[in-house]
Amino acid sequence: VIGQLRRLLIRATRSAARRQDDERLREELEDHLAQQADDYRRTGVGHDDAHRLAIVKFGSVESMKEAWRDEQRVPWIEQLLQDTRIALRRMRQAPGFTMAAVATLALGLGIGSAVVSLANALFLKPLPVDDAARVVIVDQTIPDRPLSNGYPHAFPDYLYYRKHSRTLADLAAHYSTSPMQIVTPDGAFNVSGAVVTANYFSLLRLQPAAGRFFSAEEDRVPGAHPLAVLSYDLWRTKFGQDARAIGAGVRVNGTTFTVIGVMPNGFRGTVGGVTPNDVWIPTAMFGIGYRYCDGLARGCNVVSLLGRLAGGASIPDAQAEIDVLASQLATAFPNTNRNRGALVRAARGIRIENQAREAPIVSLLAGGAALVLLVASANVAGLLLARGLRRRREIVIRRALGATRGRVVRLLLVESFVLALAGGAAGFIVAIWTMDLLRGFFGVSYVGGALNIDFGLDARVVLFGVGVAALTGIATGIAPALQATRADALPALKDETPGAGGRQSRLREGLIVVQVAISVMLLAGSGLLVRSFLMVHRGPGFDPDAVVLLRLRPSLVGYANERAWAFQHEVIRRLEVLPGVVAASPAGTPPLPGWTRQTEITHPAASGADAGTLRSGMTYVGARYFKTLGTGVLEGREFDDSDGSDGARVVIVNETLARRLWPDGRAVGSRLVVSGEPRDVIGVVRDLQFLNALEPPQPAVYLNFWQQNRTDNWSSDVQLHVRISGPASALLAEIPRTIAAIDPDVPVSETRTLGDRIDYQFSQVRLARALLLGFGGLAFVLSTIGLYAALAFLVGQRQRELAIRLALGATHSHVAALVFRRGSTIVGIGLAVGLAAALFGAGPLLANLLYGVSPRDPLALLAGPLVLGMVAAAAIWFPARRAMTMDAVDVLRSE
Amino acid sequence: VKKKMDVLQGTLALMVLKTLDVLGPLHGYGLARRIEQISGNRLALNPGTLYPLLLRLEHEGAIASERAASENNRKARYYRLTAAGRRQLQAETQDWRQTTALIDRFFAVKAEDL
C-alpha cells in the first residue's frame, strides 16, 4: 500500500511539470530533425532520404528521455517517503518504545483536542442557520452591571429599533426560556418554549418541515391567534410524526393552541446552553409564556433580539446606529431607559452569561490539558533522547557513509513526526472519549436534561489536532536529533558505550524534573478539590440525599391568587401523609448558591457599627423547613403550623446575623425590621451557605412562606422540599403522581434530590476535581516511568565506570548511593518546585472552587505528592539495586 | 577518419554556456553544430544528451529560451545566456583553469624535480 501511495504521490507532484518537459523535448526533437533534414537536402540528398537520415543521425529517442530522467534530482518528496519508510521500520523494531510514546502523545493530544472542541462549542460556534455569520445579537446594557449578562429589552424598545434601524436588514424578538406545560390527549409534560415574533422564522431562513409558520398578521392582535409551531423532535416523539398533528389542538400552560407547523429537523432554538426549545408561539400570546409582567409593555424587560446585518453593514456600523437609537429612547423614556444602551455582537456560542460562567473552568481545563501535553512531550522527548544515545553508532555510520548532518536530522525529525502523527490518530479516539465525559458536565441542565449545545467536532478542531501533533513532532524531535548528530564520529565508533554523556543526561534529567514538578502541582491541586467536593456534597450540615426538591408553579397555568395558595396547602397536606415522607415544607428558593433573594434589615436597638440598615439574604420557608433539611435549630424554634398567614409577624435569623447583631447571644425575643416591617425573632439556625475560600459568611433571614405579600399571583410558586426516609427512587415518581391527582394541568418540574442539585450546582468543582485527579494521575504515571527509565539507563550506561569503581575498592552500597543520590536530587527538586507552584499558583487559582478547605490546607496539598514521593523512591530503588548486585568482573569481562 | 571523442561528463554544460556567451542566442540544432565546429569536429555530440541538458540548465536559470523564426523560416527555440548563467560560466571557467593547471603540474613532473 505504501508503495502505491508513494507512486501516486510522485505522479501527482511531478505529472504537471513532467508533461511540460516531455512536450518540450518532443518539440525540440522535431525541430532538430527538420533542421538536420534541411542540411542533408542542401547537400543533395532526396527529400525522403534526408528525413530518414536525420532520424538515424539523431539516435535513440528513448535514450534521450532516459537521459532527461537521470538529469532530474531525487525530489524531496521521494526522500521524505524514504525517511518515512525508515521511521516506520524503526517503530516496528521497537514496539515497546513505540507503544509508550504513541500512548503518551495520544493522551496529551486527545485531551487537548477535546478541550478545544469544548471551547469551540461553548464560545465560537455560530447558529445552525443559513449565513449565520451575518446574524447578530443585540443585548441591553445597564450601567454598573456586567456586559456579559446579556440583559433583555422591553418589547416597545424592540419595535423602535426594528422600525428605525437601517444597518439591520431585519430584527426579531424572542423569549426562549419559557416554561410550558403541554397537555395532549396522551398526557402532560413540560417543555421549554419560545415566544417569538413572526419574522424570527424568515430572519433565520428556516423552512417548515411540515405545515407553516405564523405570519406577521397573526402576531399583531394580542390574544387573537393561539398558534403553535412544534420542534421536529417533539412532533416525532409525542405526535408520531403524523401530518394530522397539524391543525390539532394542544394545551399550553392551560390555554388551547392550534398546531400549525413543524420546525426543520435539528433546530432547537437560537439560545445555546439552555434547555432546547420545543414549542414556538407568537409574541401576541406573550401572557401564556411569561407571567411576571406584561411581555408587551414598557418596563417589562423580557425579549432578546436577533438581527441580520444588512448587505454591506458591519457590526460596528450596527453598533453606531443602535447607540443613537438607544440614546433617543433614553431621552424619550427617562423612567425606564435612562443610561441604558445596547450592545451588538455576533451570535456565537452559548448564552453569553453561561459563557461568562463557564470561561474560568474552561481556562482551567485548557491549562490542565496544556500541562499534560507538556508532560507528554517531555516524556517522549526523554524517550527519544535515550534512544538517540543508543543509536549513536547508527548515526555515526550514516554520517561516515556520507549523509549530511541535515539529512540525519531530517531523518530523526521525520521519525518523531511519524510518531506524533500516530499519536495524533490515537489521540482522536481519546478526544472522542474525553468529549463524552465533558458533555456530561457541560451539556446537562440542573434538572438533568440535555442542553442546546452542539458538541460535534468541526474542521477547525481537527485542524488544531493535526497542527498540534505536527508541532509536538518538532518539539519532541528537534532536541534529540541535534543532540544525536553532534556526536563526534570517532569516539562513538571506537567505544561501544560512550561516557556519561553529560549534556544529554542533564537535558533528560531536566525534563524529568519538569514532569515531576507538574505532576506534583496537579496532584496537590486535586487534593484540595477532593476535600472541597467532600465538603460541598455534605453541604452546610444537611443530608442532601434524603431531601427531594421539586418546583410547583400553579401561576403558570393561570391559577389566581387564593386558589394557588389553597392548592399549595393541599399538596403539602397530601404529601406529608405519604408513606416514606417525613416532612414537606415550601420555600421560595432552594438552599443553593445563586437563588437567594436579598433584602435590607434594620436593628432598631443596635448602636455603633451595625446601626442602620444592612444587606441580608432572605428566604421564604414553611413550617418544619429546617427539620426537612435536617439541620435543626440552634436556639428558639422554627416555623410550625401555628404561624399562619394571619399569625404574628416572626423571623428566623442565621448564626452570622445573630452574632453580628446580638453578640451577647440574646437574639430570640428581640425585634428586627425586615424590608421595612418589624418582626419578632423566634429562632436562630445554622448558616446554610456554601462558601468558597474567597467568600465570607453572609447574614440571612427566613420569613414565613404563608406570610408573603399576596399581590402577585406567582408568589405562591414554590420550591417544595420533601424529607424522605429510605431510597429516593420510588418517591421521585410517587410525589408527582400525588400532585397530579389534585390537578394534572399544574406542572410539576425539576423533581430531583437535593444531592443531585448540589452535584450539578458544583459541577465545576466536580469537574475540576476529576480533571486534576485525572491529569495529575496521568502526569504522575508518566513522570514515574520517565524517572525509572532514566535511572535504569544511567546505571546501564555507567556500568563500566561503576564496575571499575567496584574493582578499585568502592563498596556496593557506595555505588548504590551514587544512583540514589542522582535520583533523589531529581525528585527532590521536582517536588520542591511543584509544591511551591501548588502553594503560590494552583491553590490561589482554585480558591473560588474550594469549599470548606483552605488553599493552603497542608493535608490536601501533601497527600498526592507524598504518594508520588513514595512511588518515585521505588522507581529509584530498582536501578540502585541493580547497581548494588552488579558483578564487577562480569561487567568488565563482557566489554 | 579521425576517431571522434565522447564529451567528457560535466564539460558539455560548460561548452554550451561558453558557446552561448560568445555567439549569442542559438537554437538547439545550431548550438550542436557550433560546438562540433569549435571542437574541430573532434566531438560527436549526441542530441539525446544535449536537449535534456538544455532543459536542465533552463530549470536552473542559467539560460532562457523562446521560440522564434529560424534563418530558413522554420520555427525554432532560441537559447540565450542569463545573468545567472554568465556568473556560473565565470565560476566554472575559473574552476576548470585551476584543475587543468594542477593536472599540468603533475604531467610536467620529472623524477629529478622531486
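## Working through a predicted two-chain model

A:Ser675 comes out as partly exposed, with a relative accessibility of 46%. Keep in mind as you go that this is a predicted model.

**Exercise 1. The chain B counterpart**

Which backbone angle stands out at B:Asn41, and where is that residue?

Solution. Phi is the one to look at: for B:Asn41 it is positive, about 60°, and this residue isn't a glycine. B:Asn41 is in the loop between helix H2 (28-38) and H3 of chain B. Its relative accessibility is 47%, so it counts as partly exposed.

**Exercise 2. Into helix H3 of chain B**

Take B:Tyr51 and decide: buried or exposed? Then list what it touches.

Solution. First, B:Tyr51 belongs to helix H3 (residues 47-60) of chain B. Second, its relative accessibility is 2%, so B:Tyr51 is buried. Third, go through the contacts, skipping residues up to four places away in sequence. From chain A, B:Tyr51 touches A:Leu25, A:Glu28, A:His32, A:Phe58 and A:Met64. From chain B, the partners are B:Gly28 and B:Tyr29. Finally, check the spacing to B:Gly28: the two residues are 23 apart in sequence, with C-alpha atoms 7.2 Å apart.

**Exercise 3. The disulfide**

Find which cysteines are joined, and say how their exposure compares with the cut-offs.

Solution. Over all chains, the structure holds one disulfide. A:Cys293 is joined to A:Cys300, with an S to S distance of 2.0 Å. The S-S torsion is about 75°, so this disulfide is right-handed. As for the two ends, A:Cys293 is partly exposed at 31% relative accessible area, whereas A:Cys300 is buried at 2%.

**Exercise 4. Nonpolar cores and a helix pair**

Which residues have the most contacts inside the largest nonpolar core?

Solution. That core has 69 residues, and the ones to pick out are A:Leu118 and A:Phe442. Now look around A:Leu118, leaving out neighbours within four places in sequence: it contacts A:Val362, A:Leu365, A:Met435, A:Leu438, A:Phe442 and A:Phe455. There is also a second, separate core of 45 residues, with A:Val195, A:Ala210, A:Tyr290 and A:Leu329 among its members. As background, nonpolar side chains tend to be buried together in soluble globular proteins.

Then turn to the helices. H5 (residues 95-124) and H14 (residues 405-442) of chain A pack at about 45°, and their axes are 5 Å apart. The two are therefore oblique to each other, and H5(A) passes H14(A) in a right-handed crossing.

**Exercise 5. Covered helix, open loop**

How many residues of helix H22 of chain A are buried, and is A:Asp646 buried or exposed?

Solution. H22 (residues 754-761) is mostly covered, with six of its eight residues buried. Those are A:Leu754, A:Gly755, A:Arg757, A:Ile758, A:Asp759 and A:Tyr760. A:Asp646, in the loop between strand S16 (635-636) and strand S17 (650-654) of chain A, counts as exposed at 70% relative accessibility. Its C-alpha is 8.6 Å from that of A:Trp706, which is 60 residues away along the chain.

**Exercise 6. Chain A overall**

What share of chain A is buried?

Solution. Of its 895 residues, 51% are buried. The chain has 27 helices and 22 strands. Among contacts with a separation of 6 or more, 80% are between residues 24 or more positions apart.

How values were computed. Residues numbered from 1 in each chain as written. Chains lettered and ligands numbered in written order. Heavy atoms only, no water. Core = buried A, V, L, I, M, F, W, Y, C linked by side-chain atoms within 4.5 Å. Buried < 20%, exposed > 50% of the residue type's maximum accessible area, 1.4 Å probe, protein only. Contact = heavy atoms within 4.5 Å. Disulfide = S-S within 2.5 Å. Helix = DSSP H or I, 4+ residues; strand = E, 2+ residues; numbered from the N terminus. Axes fitted to C-alpha atoms, helices over the stretch in contact; angles between N-to-C directions. Parallel < 35°, antiparallel > 145°, perpendicular 65-115°, else oblique. Left-handed = near helix turned anticlockwise from the far one by under 90°.
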